[in-house]
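Have a look at the model first, then read on.

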Amino acid sequence: MNSTLQFSKDILEFLKRLEKNNNRDWFNEHKKEFKALESKTKLIYSAINDELNKHDLIEKHKIFRIYRDVRFSKNKLPYKTHFGGSFARKKPELRGGYYLHVQPNDESFIATGFWEPNKNDLFRIRKEFEQDADEMRSIISDKKFKSVWGELVGDELKTAPRDFDKDHPAIDLIKKKQYIFVKKYSDKDVLSENFINEVNASFKAIRPFFDYMSDVLTTNLNGESII
């Protein structure tokens, strides 16, 4: 990997200034500076994509636009104050995705898992846990896994989903609407020479979870392939 590719202090400093001057006049005055920093950032995301493809199959990656969609938001500030980008695994056989969020003041993080599983996928996951959650519990409780990713997080229902037993022993997993892991980073972490390697290694460590969920989502409850 190109060791010179890393996030530089000027990227975080620009985002800090943007947070204090989140208006179109200021942004337009500094647009040339932003575009140069955005180009550097895209190279870093591309490098992470290349590293991921050494141990996974990434269908596509993208960096999200700096412009906020304010149409349906109470927050009318026009610009995001972070860089965010996602990496999608090759469907239909591989499921799950990766996300990198870079934001100053120690607000950076990586996330992975299932943000918005569609209705059919969510039902299939829940039925799997209803039938047997032992393998899932074994994966997410593994000491090495937890040392990297910590606890499973995500939005969940207050009670059991429709047609599921609220007293089921796996109801804590069944009532979830998202299955996500998040790892936070300080500004010092982001600016380190080893950050790209660290992000890649952390993403690689999620594979037991992804392999399991991909198997679930590409088979029926009898274990027969549906793709």
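This is a predicted model: local features need pLDDT of at least 70, side-chain atom pairs count only at pLDDT 80 or more; totals for chains, interfaces and linings use all residues.

Residues are numbered from 1 along each chain as its sequence is written, and side-chain values use heavy atoms, with hydrogens and water left out.

**Salt bridges**

- The whole structure contains 18 salt bridges, each being a side-chain nitrogen of Lys or Arg within 4 Å of a carboxyl oxygen of Asp or Glu.
- Glu-128 has Arg-124 as its salt-bridge partner, at 2.9 Å from N to O.
- Both residues sit in helix α4 (residues 119-131), and because they are four residues apart, about one helical turn separates them. Helices (H or I, at least four residues) and strands (E, at least two) are DSSP runs numbered from the N terminus.
- Arg-124 is also buried, with a relative accessible area of 12%.
- In another salt bridge, Glu-198 and Lys-183 bring their closest N and O atoms to 3.0 Å. This pair links distant parts of the chain, with Glu-198 in helix α9 (residues 195-204) and Lys-183 in strand β5 (residues 179-185), 15 residues apart.
- Glu-198 is partly exposed at 25% relative accessible area, whereas Lys-183 is buried at 18%.
- Asp-211 and Arg-207 form a salt bridge too, with 3.3 Å between the closest N and O atoms. Both belong to helix α10 (residues 207-217), four residues or about one turn apart.
- Asp-211 is partly exposed at 40% relative accessibility, and Arg-207 is partly exposed at 22%.
- A network of salt bridges links Glu-156, Lys-175 and Lys-176.

**Aromatic pairs**

- There are 23 aromatic pairs in the structure. Rings of Phe, Tyr and Trp (its six-membered ring) pair if their centres lie within 6.5 Å; planes under 30 degrees apart count as stacked, over 60 as edge-to-face and the rest as tilted.
- Phe-7 and Phe-195 make an edge-to-face pair, 6.0 Å from centre to centre with 65° between the planes.
- Phe-7 is in the segment before α1 (9-20) and Phe-195 is in helix α9, so this pair ties together parts 188 residues apart in sequence.
- Phe-7 is buried at 2% relative accessible area, and Phe-195 is buried at 3%.
- Phe-145 and Phe-181 are another edge-to-face pair, at 5.2 Å centre to centre and 80° between the planes. Phe-145 lies in helix α6 (residues 143-149) and Phe-181 in strand β5, 36 residues apart.
- Phe-145 and Phe-181 are both buried.
- Ring pairs join a cluster whose members include Tyr-45, Phe-87, Phe-145, Trp-149 and Phe-181.

**The largest pocket**

- The largest pocket has a volume of about 530 Å³.
- Its lining has 22 residues, and those closest to the centre are Lys-91, Gly-96, Gly-97, Gly-113 and Trp-115.
- On a 1 Å grid over the protein atoms alone, a pocket is an open set of points where a 1.4 Å probe fits, with protein on both sides within 12 Å along at least five of seven lines; lining residues have an atom within 4 Å of a point.
- Strand β2 (83-89) is among the elements that each supply at least two lining residues, and β2 gives the most, with four.

Notes
Buried means under 20% relative accessible area, exposed over 50%, partly exposed in between (1.4 Å probe, protein chains only). Grid points are joined across faces, edges and corners, and a volume is the space filled by probe spheres set on the points.
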